[in-house]
Amino acid sequence: MGKNNTRNHMQFAVLAIVLTAAIMVKEATSISICNISTNNLNKCRPAVTGNNPPPPEPDCCAVAKTANLRCLCSYKAFLRRYGMEPSNIRPLLAKCGISPPSCL
């Protein structure tokens, strides 16, 4: 149990560092998280935000199709801290024609 908590804390720390760096480096430079460029993360934000999000734009679906969805599973618990609703991920993927892994 202790190893699992340590792993979760480390994953959160890495995510926080990456997102902080992404905000600071906002220009053309980007960092990749689970095969998603941090510059492209905002393309899907509207479709995973709030109680009744709009359908994903084609650009969002293109980003989602390149993502390593199994990798994203390890970050699911932290999405709310960044304004994203985890329960909206599965519908977004379905609207993009992507079969989500069971963890999402």
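## A left-handed link

The link of Cys34 and Cys71 is left-handed, with -65 degrees about the S-S bond. This is a predicted model. The two cysteines are joined by a disulfide, with an S to S distance of 2.0 Å. Cys34 lies in the loop between strand S1 (32-33) and strand S2 (36-37), and Cys71 lies in helix H3, so the pair ties together parts that are 37 residues apart in sequence.

Cys71 has 25% relative accessibility and counts as partly exposed. Buried means under 20%, and exposed means over 50%.

## The other disulfides

How many disulfides does the structure hold? There are 4. One of them joins Cys44 and Cys60, with the sulfur atoms 2.1 Å apart. This link is right-handed, with 110 degrees about the S-S bond. Cys44 sits in the loop between S2 and H2, while Cys60 sits in helix H2, so the pair ties together parts 16 residues apart in sequence. Cys44 and Cys60 are both buried.

Cys61 and Cys96 form another disulfide. Their sulfur atoms are 2.0 Å apart. The link of Cys61 and Cys96 is left-handed, with -75 degrees about the S-S bond. Cys61 belongs to helix H2 and Cys96 to the segment after H4, so this pair ties together parts 35 residues apart in sequence. Both Cys61 and Cys96 are buried. If the bonded cysteines of the protein chain are numbered in sequence order, the pairing reads 1-5, 2-3, 4-7, 6-8.

## The chain and its fold

The protein chain has 4 helices and 2 strands. Along the sequence, the pattern is α-β-β-α-α-α.

Contacts reach across the sequence. Take the contacts in the protein chain with a separation of 6 or more: 62% of them are between residues 24 or more positions apart.

In soluble globular proteins, nonpolar side chains tend to be buried together. The largest nonpolar core here has 19 residues. Leu69, Ile89, Leu92, Leu93, Ile98 and Leu104 have the most contacts inside this core. Which helices each supply at least two residues of this core? They are helix H2 (58-66), helix H3 (69-73) and helix H4 (89-95). H2 gives the most, with 4 residues.

Leu93 shows how parts of the chain meet. Leaving aside neighbours within four places in sequence, Leu93 is in contact with Ala64, Leu69, Ile98, Pro100 and Leu104. A second, separate core has 6 residues. Among them are Leu15, Val18, Ile33 and Tyr75.

What share of the 104 residues in the protein chain is buried? Buried residues make up 34%. The protein chain exposes about 6700 Å². Carbon and sulfur atoms supply 57% of that area.

Conventions. Residues are numbered from 1 along each chain as its sequence is written. This is a predicted model: local features need pLDDT of at least 70, side-chain atom pairs count only at pLDDT 80 or more; totals for chains, interfaces and linings use all residues. Side-chain values use heavy atoms; hydrogens and water are left out. A nonpolar core is a set of buried Ala, Val, Leu, Ile, Met, Phe, Trp, Tyr and Cys residues joined through side-chain atoms within 4.5 Å. Buried means under 20% relative accessible area, exposed over 50%, partly exposed in between (1.4 Å probe, protein chains only). Contact means heavy atoms within 4.5 Å. Accessible areas come from the Shrake-Rupley method with a 1.4 Å probe; for residues, only the protein chains shown count as cover. A disulfide is a pair of cysteine sulfur atoms within 2.5 Å.
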